[in-house]
Amino acid sequence: GQGIFFDYEGKKDKGNICIVDIGYNTFDFLVFTDGKPRQDLSFATKKGANEIITELQTKIKKRFQFDASEQVAKKIFVDRSIEIYGETIDLTDEIEDAKQDYAEFIIDELKSQREDLLKTAKKVIFSGGGAYFLDDIKKLKNTPNVAFSKKPYEFANVKGYYNG
């Protein structure tokens with residue numbers, strides 16, 4: 001996630017800059033104070049964006065008695081539908097619910113770990129491939145110090161190391 005900070009245009013700003021790097025398998029929270037990394041304030045979890053796919057798999061199994069593999073569930077997620085017995089069933093609502101649940105989890109996790117820091121940070125930058133699941137969440141869009149890296153989100157880390 002450090003490359004995301006390097007890619008951030010305000011990296012020379014004074015104060016705290018927080019990075020929320022949401023990958024497929026993990027999400028990392030990094031803090032930089034006056035441009036220096038703060039390992040003591042940073043953390044990582046194994047609750048990446050795959051949590052949305054796992055929740056979708058559970059919903060599919062419960063509703064259709066169908067064990068969708070991770071790859072099949074990803075395709076269903078992208079297509080926003082499933083074909084069962086030749087009938088295409090729209091799963092947009094279920095997918096949006098899973099995205100909202102994951103966004104709430106991320107927000108709750110950040111608050112429980114570093115709420116005071118989030119409130120006082122100059123910027124909280126969301127990035128990584130999982131950021132696509134969060135960039136339309138109103139609670140984040142309406143928070144003044146929240147920003148998203150430039151798209152494509154999943155390349156912000158690499159761009160930052162390349163250009164930084």
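**Figure 1. The loop that holds P152.** P152 lies in the loop between β8 (146–148) and α6 (156–163), where helices (H or I, at least four residues) and strands (E, at least two) are DSSP runs numbered from the N terminus. A cis peptide bond, with omega of about 0 degrees, joins K151 and P152. Most peptide bonds are trans, and most residues other than glycine have a negative phi. This is a predicted model, in which local features need pLDDT of at least 70 and side-chain atom pairs count only at pLDDT 80 or more, while totals for chains, interfaces and linings use all residues. Residues are numbered from 1 along each chain as its sequence is written, and side-chain values use heavy atoms, with hydrogens and water left out.

**Figure 2. The protein chain as a whole, for orientation.** The protein chain contains six helices and eight strands, which follow one another from the N terminus as α-β-β-β-β-α-α-β-β-α-β-α-β-α. Along the principal axes, its C-alpha atoms fill a box of roughly 60 × 35 × 25 Å. Of the 164 residues, 43% count as buried, a class that requires under 20% relative accessible area, whereas exposed requires over 50% and partly exposed falls in between (1.4 Å probe, protein chains only). Among contacts (heavy atoms within 4.5 Å) between residues at least 6 apart in sequence, 51% join residues at least 24 apart.

**Figure 3. The largest nonpolar core and the surroundings of F29.** A nonpolar core is a set of buried Ala, Val, Leu, Ile, Met, Phe, Trp, Tyr and Cys residues joined through side-chain atoms within 4.5 Å. The largest such core has 38 residues, and those with the most contacts inside it are I22, F29, L110, F126 and L134. Elements that each supply at least two residues of this core include β1 (16–22), β2 (27–33), α4 (92–120) and β7 (123–127), and α4 gives the most, with nine residues. Not counting residues up to four places away in sequence, F29 touches C18, I19, V20, L41, S42, F43, L110, R114, L117 and L118.

**Figure 4. F77 and its neighbours.** F77 is found in helix α3 and counts as buried because its relative accessibility is 12%. Leaving aside residues up to four places away in sequence, F77 touches I52, I53, L56, I95, K99 and F133. The C-alpha atoms of F77 and I22, which stand 55 residues apart along the chain, are separated by 18 Å.

**Figure 5. The polar contact of T33.** T33 is found in strand β2, and its side chain makes a polar contact with the side chain of R38 (3.3 Å). A polar contact is a pair of N or O atoms within 3.5 Å; within protein, one must be able to donate a hydrogen and the other to accept it, and residues adjacent in sequence count only if both atoms are side-chain atoms. With residues up to four places away in sequence left out, T33 touches G15, N16 and R38.

**Figure 6. Two loop residues with positive phi.** Q65, in the loop between α2 and α3, has a positive phi of about 50 degrees although it is not a glycine, and Q65 counts as exposed because its relative accessibility is 65%. Y85, which is found in the loop between β5 and β6 (87–90), likewise has a positive phi, near 50 degrees, in a residue other than glycine. At 86% relative accessibility, Y85 counts as exposed.
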